[in-house]
Amino acid sequence: MSDLFEDYAVAAARTGAYDEMFAPDQIARPMYRQLAGALASLDLADVSSRADSMARTFLDRGVTFDYAGEERPFPLDIVPRVISADEWNVLERGVAQRVRALEAFLNDVYSKMSVAADGVVPRRIITSSKHFHRQVHGFEPAGGVRVHISGIDVVRDGAGTFRVLEDNVRVPSGVSYVLENRRAMAKGLPEAFSEQPIRPVEEYPRRLLSALRKTAPAGVDDPTVVVLTPGVFNSAYFEHTLLAGLMGVELVEGRDLICRGNRVYMRTTAGEQRVDVIYKRLDDDFLDPLQFRSDSMLGCPGLVNAARAGGVTIANALGNGVADDKLVYSYVPDLIRYYLGEEPIISNVDTFRLEEDAAREEVLDRLDELVVKPVDGSGGKGLVIGPDATRDELDTLRRQLVADPRGWIAQPVLQLSTVPTLSGNRFGPRHVDLRPFALNDGDDVWVLPGGLTRVALKEGSLIVNSSQGGGSKDTWVLAESRNVPVEAEPRHSISIRERTSVWPVESSWRDREAEQQQ
Amino acid sequence: MLSRIAESLFWIGRYVERADGTARILDVHLERLNHLPPEDQHSVAQELLAVMGSRPEREDFGLPELLHALAYDRTHATSIAGSLGAARENARRARETVSSSLWECLNTTYYGLSQHRKDVVGTYRFCHWVLERTAMVGGLTDTTMSHDDSWLFLVLGRSLERADMTARMLSTREVHTAGMSWVNMLRCAGAYEAFLRTRRAAFDDRHAAEFLLMDRLFPRSIVYALRDADDALEKLDPSDQRVGFINDARRVVGQARTFLEFHRTDDLMIELPEHMERVQRAVAQASDAISRKYFNRADEQAWVGEVS
């Protein structure tokens with residue numbers, strides 16, 4: 001091992017977390033062996049010049065996120081996270097299972113709500129969710145799918161078991177970084193790629209487009225898909241442009257759309273053109289001023305009615321937020337059993353429901369040992385980590401919990417697993433999570449091999465969100481063998497195939513010319 | 001204008017475009033090559049070199065040798081460094097005709113050639129840098145030179161080489177076992193986004209090849225590049241306006257272009273190798289014909305390349 005890993009074992013032992021790369025005693029786990037070999041041959045100067053070059057590429061390509069009104073390159077660490085084929089197999093099935101259950105749940109919530117009638121989830125919890133929208137009650141979305149795109153956040157606990165941390169079935173973002181990270185890594189650390197088959201991610205935009213087209217309203221032969229963005233000031237604007245570009249579809253803003261007669265059109269130079277599928281990248285609240293926030297300038301009036309009438313498919317469907325609610329999350333294992341009749345493949349993180357008296361008592365007693373999260377927060381907003389909080393913060397929190405038990409959940413502090421990450425002049429263990437992305441086209445759930453690994457760049461920090469100093473890592477899923485190569489394509493052997501000539505026989509012009517000259 | 005100057009300009013156009021095309025091909029293929037086990041790397045590296053029209057000098061030809069041959073070898077015009085060196089040498093001989101900013105750009109590029117790491121990681125940056133420089137040369141050519149005969153010769157060389165390079169890009173598809181996907185083929189030509197915007201949903205290898213071969217609006221497609229060459233030839237010799245041709249180069253270029261442009265096929269992919277071969281041959285023939293017509297000179301005088 002090179003000097004770069006000096007002291008790594010000590011630091012890793014100190015975190016008390018599961019290290020993805022090294023088993024105890026600093027032995028690289030099997031799926032990391034190739035990578036460890038490649039890294040061992042590098043010295044500090046080489047590693048930092050590669051890291052600089054990668055950061056520069058990101059800035060040049062505009063792979064940025066918006067931080068306090070400023071464009072910053074999304075930090076990409078040079079050490080990738082590797083997942084073995086077996087582990088991925090489980091994750092993939094687990095994520096797909098969860099998506100199918102949530103799909104069924106949302107369908108139920110906005111129709112008969114039999115899940116409440118059968119006593120699986122209290123009706124009160126569903127209807128009191130901030131993102132439960134009565135406006136979209138009682139209709140089946142065109143195309144029949146609600147969760148087209150989802151990002152299920154998964155973490156590994158101290159024992160090395162994967163657990164689902166939260167579900168994102170509204171507007172999961174981050175897939176653009178998966179695509180860009182892979183491109184940057186192929187150039188930044190080329191040595192590690194040879195000799196091991198890594199499953200590609202570049203098919204995502206194609207899969208996304210075909211899933212979106214497949215869920216178009218009935219009777220449309222050649223559906224027009226658009227990506228609806230809130231605009232250039234949105235923090236994920238880069239992702240919107242990248243996905244629209246890679247799918248070859250228009251990126252529209254609300255003001256580019258018009259609704260008439262329950263159909264949606266976009267204004268083009270060739271007149272109005274019908275839009276059949278909208279990949280919505282803004283919050284429900286802003287989508288339609290007639291139904292939701294009337295002061296919204298980002299949406300387009302009439303979209304909800306158009307969707308209700310089946311004139312347009314909106315992906316993801318409106319009202320999905322109820323499944324993101326962290327209190328509903330605590331019921332997902334029951335939902336899987338209820339709708340699918342299966343046992344959950346990936347379990348949840350243990351969660352205290354504060355509306356239950358016993359649980360609340362326990363949480364209030366142990367507030368300084370637990371993580372407390374608001375049920376509708378995202379991006380790590382409002383989250384309080386007990387052991388790191390001051391007495392004042394805990395007192396404020398305690399009052400909030402008592403006043404609004406529906407608004408919060410509590411979980412034990414998870415020591416997220418760690419991966420070596422370049423910091424300063426050596427590699428140190430940093431905590432990571434994983435967001436696999438799944439696409440549902442109505443028939444099948446496809447999970448992008450890998451997903452976004454976010455890493456907390458500060459030592460000991462458990463918050464991986466980019467808005468709070470997080471970065472990312474490329475995520476490699478190893479293929480089972482070389483026989484399932486990147487894009488299986490038989491070698492075109494011209495020699496075997498009979499060659500037919502289609503070009504006219506060449507005239508012997510030059511010869512004749514030569515003769516003439518003589 | 002002097003034949004000698006015209007020839008230099010023609011070759012500046014060709015060499016700069018060759019450097020550009022080689023950088024594109026190398027950049028994309030390097031990524032694929034890296035994903036292969038070492039034993040495959042060797043054979044693929046050799047095949048790739050063959051597509052670029054060269055032959056390995058040694059038995060033991062692997063990735064580092066490929067990098068040297070296609071990027072850094074200054075003694076052969078197959079490599080990027082060789083092409084750019086030759087372009088600069090030509091510009092030095094036609095210095096009074098090219099604009100000073102164009103000369104300066106080529107010269108700066110030449111001196112920048114040595115300032116790069118010559119391993120795989122460095123080569124990615126190098127290719128990127130070369131593309132920037134060649135784009136700059138292209139821009140300066142178009143904006144700082146009068147669009148007169150001298151410019152036309154430069155454009156002629158550039159268009160012919162561009163058709164040739166696109167043909168080679170498409171030929172590299174045959175090289176890889178692990179699948180040179182159409183995505184990479186399009187990325188190679190910088191055509192990925194342009195292609196996606198024309199074809200919304202249904203696309204595969206065939207459509208991508210068709211786009212690079214026959215698209216009338218994409219500047220790096222073979223049909224487009226050959227049309228550019230045809231236009232330049234027409235302007236250079238406006239005398240044969242009406243019937244027939246008196247210029248062999250126009251015949252070769254025009255026939256190749258019209259054949260491709262109006263070709264109907266059921267299976268483009270089977271025919272692709274033939275198309276590529278014929279396009280490359282047409283370019284070589286046109287180049288010969290242009291030399292005979294415009295640059296005629298004593299037989300023993302060969303163009304002097306840069307040797308260092």
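**Entry 1: helix H12 of chain B**

I began with H12(B), where I found B:Ala249, B:Arg250, B:Val252, B:Val253, B:Gly254, B:Ala256, B:Arg257 and B:Leu260 buried. I took a residue as buried if 20 or more other C-beta atoms lie within 10 Å of its own, as exposed if 12 or fewer do, and as partly exposed in between, with C-beta atoms placed from the backbone. Helices (H or I, at least four residues) and strands (E, at least two) are DSSP runs, numbered from the N terminus.

I note that this is a predicted model, in which local features need pLDDT of at least 70 and side-chain atom pairs count only at pLDDT 80 or more, while totals for chains, interfaces and linings use all residues. Residues are numbered from 1 along each chain as its sequence is written, and chains are lettered from A and ligands numbered from 1 in the order in which they are written.

I then looked up what the buried residues of H12(B) pack against, and found helix H10 (205-214), helix H11 (222-236) and helix H13 (268-294) of chain B.

**Entry 2: domains of chain B**

I read the domain assignment of chain B, which gives domain 1 (1-145) and domain 2 (146-295); such bounds come from an automatic or database domain assignment. The C-alpha centres of these two domains of chain B lie 20 Å apart. Their contact takes 30 residues from domain 1 of chain B and 31 residues from domain 2 of chain B, where contact requires C-beta atoms, placed from the backbone, within 7 Å. On the side of domain 1 of chain B that touches domain 2 of chain B, helix H1 (3-34) and helix H2 (38-51) of chain B each supply at least two residues. H1(B) gives the most to that side, with 18 residues.

**Entry 3: a parallel sheet in chain A**

I traced an open sheet of 4 strands in chain A, in the order E9-E8-E13-E14, with parallel pairing. Two strands pair if DSSP finds at least two bridges between them. Strand E9 (250-252) and strand E14 (313-315) of chain A each have a single partner strand, so one side of each is left without a neighbour in the sheet. Within the sheet, I found 4 bridges between E8 (residues 225-228) and E13 (residues 277-280) of chain A, and A:Val225 stands opposite A:Val277 in E13(A).

**Entry 4: a hairpin in chain A**

I checked strand E20 (residues 418-423) of chain A and found 5 of its 6 residues buried. E20(A) pairs in the antiparallel sense with strand E21 (residues 426-435) of chain A over 6 bridges. A:Val419 has A:Arg430 as its bridge partner in E21(A). In this hairpin, which has 2 residues between the strands, A:Gly424 takes a positive phi near 65°.

Key:
Contact = placed C-beta atoms within 7 Å.
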